[in-house]
Amino acid sequence: MAIVQTGLMVAIPTRYIVSFMAFMGIAVQYTLKVNLSVAIVAMVKTETASTSHMITDVYPYSNDTASQSEPASGGELEWDEADQAQALSSYYYGYVATQLLGGWVSECLGARYVCGPAVLAAGLLSLAAPAAARAGLPAFIVLRITIGAVSTLHGFREGESTKVTTADLVNHIVRSLDG
């Protein structure tokens, strides 16, 4: 197998460690991209729905109506659909704006030296999301734009993540096998 015994420690080949780290970087990046789509359901209050049911639906010979109202559900933010759309799309404004810069930085420094700090920065910024949302929609949008910009700088360039990761991994494996 590929596991090498050195003294008391078992050493795992570097290519497996690099592969696992690349996988985790892409997984965290994808999670940062889509987490708001799931969380916004619990963040935003839904409108109070009032429905009117005709009793004649159940009892055809009656002319009475019964009205039933449901309490408002959801979170503490009162954003309408347009505000929610702005919040959801704001990540991609930063993402698109820094595509070329992210590619250039990863070419110059290498994906291994850019990915970790960028994913860490994006993760730390996302911890501020609840406070920014409570501060107001503009603060939340600025934060999501910043997270998108930092995420693009992480060297895996989203749309080309598998290509860049594979190229970097192949280069590392070939160098390690050549000696």
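Which backbone oxygen lies 2.9 Å from a polar atom of the side chain of Ser 90? Keep that in mind; the tour gets there at its second stop. The model on screen is predicted.

**Start with the whole chain**

Show the chain as a cartoon. Look for 7 helices and 4 strands. Trace the elements from the N terminus: they run β-β-α-β-β-α-α-α-α-α-α.

The accessible surface comes to about 11,600 Å². Carbon and sulfur atoms account for 65% of that area. The chain has 179 residues, and 32% of them count as buried.

Contacts come next. Take those between residues at least 6 apart in sequence: 72% join residues at least 24 apart.

**Select Ser 90**

Go to helix α2, residues 81-97. Ser 90 lies in this helix. Is Ser 90 buried or exposed? Ser 90 is buried, because its relative accessible area is 0%, and the cut-off for buried is under 20%.

Display the side chain of Ser 90 and the backbone of Ala 87. Here is the reply to the opening question: the oxygen belongs to Ala 87, and it lies 2.9 Å from a polar atom of the Ser 90 side chain.

Leaving out residues up to four places away, Ser 90 touches Ile 141, Arg 144 and Ile 145.

Aromatic pairs are the next topic. The structure holds 4 of them. One is formed by Tyr 91 and Tyr 95, which are stacked, with 6.4 Å centre to centre and 15° between the planes. Tyr 91 and Tyr 95 are 4 residues apart in helix α2, so about one helical turn separates them.

Colour these two by accessibility. Tyr 91 is buried, at a relative accessible area of 0%. Tyr 95 also counts as buried, at 16%.

What is the relative accessible area of Tyr 92? It is 36%, so Tyr 92 is partly exposed.

Keep the three rings on screen together. Tyr 91, Tyr 92 and Tyr 95 form one aromatic cluster.

**Move to helix α1**

Select residues 14-43, which make up helix α1. Ile 17 has its place here. With 39% relative accessibility, Ile 17 counts as partly exposed.

Which residues make a nonpolar surface patch with Ile 17? Select Ile 12, Tyr 16, Phe 20, Met 21, Phe 23, Met 24 and Val 28 along with Ile 17. Together they make a patch of about 790 Å².

**Last stop: Ala 39**

Ala 39 is found in helix α1 too. Its relative accessibility is 31%, so Ala 39 counts as partly exposed.

Finish with a distance. Pick the C-alpha atoms of Ala 39 and Gly 75. The two residues are 36 apart along the chain, yet these atoms are separated by 9.8 Å.

Conventions
Residues numbered from 1 in each chain as written. Predicted model: local features only at pLDDT ≥ 70, side-chain atom pairs only at ≥ 80, totals over all residues. Heavy atoms only, no water. Patch = residues over 30% accessible without salt bridge, like charges linked within 9 Å, V, L, I, M, F, W, Y side chains within 5 Å. Areas by Shrake-Rupley, 256 points an atom, 1.4 Å probe, with all protein chains shown as cover. Salt bridge = Lys/Arg side-chain N within 4 Å of Asp/Glu carboxyl O. Helix = DSSP H or I, 4+ residues; strand = E, 2+ residues; numbered from the N terminus. Buried < 20%, exposed > 50% of the residue type's maximum accessible area, 1.4 Å probe, protein only. Contact = heavy atoms within 4.5 Å. Polar contact = N/O pair within 3.5 Å; in protein donor to acceptor, adjacent residues only side chain to side chain. Phe/Tyr/Trp six-rings, centres within 6.5 Å; stacked < 30°, edge-to-face > 60°.
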